[in-house]
Amino acid sequence: MSEDAPRDNLRGGGWLLADMSLNIWALSIVKWLGADYPASQIVFLRALTGLVLIAPLIVRERALFRQVETLGLHLLRVLMAVITLSASFFAISRIPFATVSALGFTRPLMTMVLAGLLLRETITGRQWIAAGLALCGVLIAVQPGAVPWNLGLAAMAVVVFSGAGTVIATRRLRAAPVIVMMTFYTAGLTIFSAPVALAFWTPVQPGHLVPLLLVGLFAQTAQVCYLRAQYHGTAGFLSVLSYLSLVFSVSVGFFVFDERPTVAFLCGACLVVGAAIWVTLYSRKAHGSRGRRA
């Protein structure tokens, strides 16, 4: 892939929606089983499953690994991803599904700021306004102080910072082949999480093995979609569009885990979704105008 390839926000947005859909299934399983197993064990099983799935691709595309550059940045991305996933899996079994998503939505805003400062990506005024509206929606939805302070909330604070760093590293590695990115990420997760997972290993209960392996299947497929989204879309557009995952989390929380959102949460969620739709429709209009001029 070429680092100078033109951005296509509509294509990137499609990949991002696929990524969010697959991730919500993986996280649903984690929430269901997360309290029974250490977060490090779930991360390890997720990574090991993914590594097995992509092994044939690694063998087929092995020539691409002879041209790997910026090894240190790959390793930094993996380390931050291990921290992010472990903290996320720890939090999701301890606080409501929708609250996890809502708090996580401060991460795209931080990512957008860092992309503008560190990667020199253009963030339009409309995207800044949309991000601000979405953040206000998050604050209305979460109502700081309404959820009792616990270790799950502390873990989400870690997720925000380490997750933003992971995204920035991913975008910096945009020119790397997808299989190289996936291999470093998945193999790194497996290696870094293995010692802690084995030290605190909990025997897998009958009937839990297949769902735990499905976490790896869904998450690994979602990673492909995520990398394609980051390749095609700009940080400002994808950061705002990612707020739409609040719809997924609220729906799953309500229909699967019987978590009933408050009126304030629904009002905040509407503001978040409205901001995302606004910036998406504007991007579609701008994309169509450029196409007609071409």
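Buried here means under 20% relative accessible area, exposed means over 50%, and partly exposed is in between, with a 1.4 Å probe and protein chains only. This is a predicted model, in which local features need pLDDT of at least 70 and side-chain atom pairs count only at pLDDT 80 or more, while totals for chains, interfaces and linings use all residues. Residues are numbered from 1 along each chain as its sequence is written, and side-chain values use heavy atoms, with hydrogens and water left out.

Aromatics to begin with. Searching the whole structure gives one aromatic pair, where pairing requires ring centres within 6.5 Å, with the six-membered ring used for Trp. Phe44 and Trp201 have ring centres 6.3 Å apart and planes at 80 degrees, so they are edge-to-face; that class needs over 60 degrees, stacked is under 30, and tilted is the rest. Phe44 sits in helix α2 and Trp201 in the loop between α8 and α9, 157 residues apart. Helices are DSSP runs of H or I, at least four residues, numbered from the N terminus. Phe44 is buried, at 12% relative accessibility, whereas Trp201 is partly exposed, at 36%.

Now the cavities. A cavity is a set of points on a 1 Å grid over the protein atoms alone where a 1.4 Å probe fits but cannot get out. There are two of 30 Å³ or more, volume being the space filled by probe spheres set on the points.

Terms used:
Helices (H or I, at least four residues) and strands (E, at least two) are DSSP runs, numbered from the N terminus. On a 1 Å grid over the protein atoms alone, a cavity is a set of points where a 1.4 Å probe fits but cannot get out, and a pocket is an open set with protein on both sides within 12 Å along at least five of seven lines; lining residues have an atom within 4 Å of a point.
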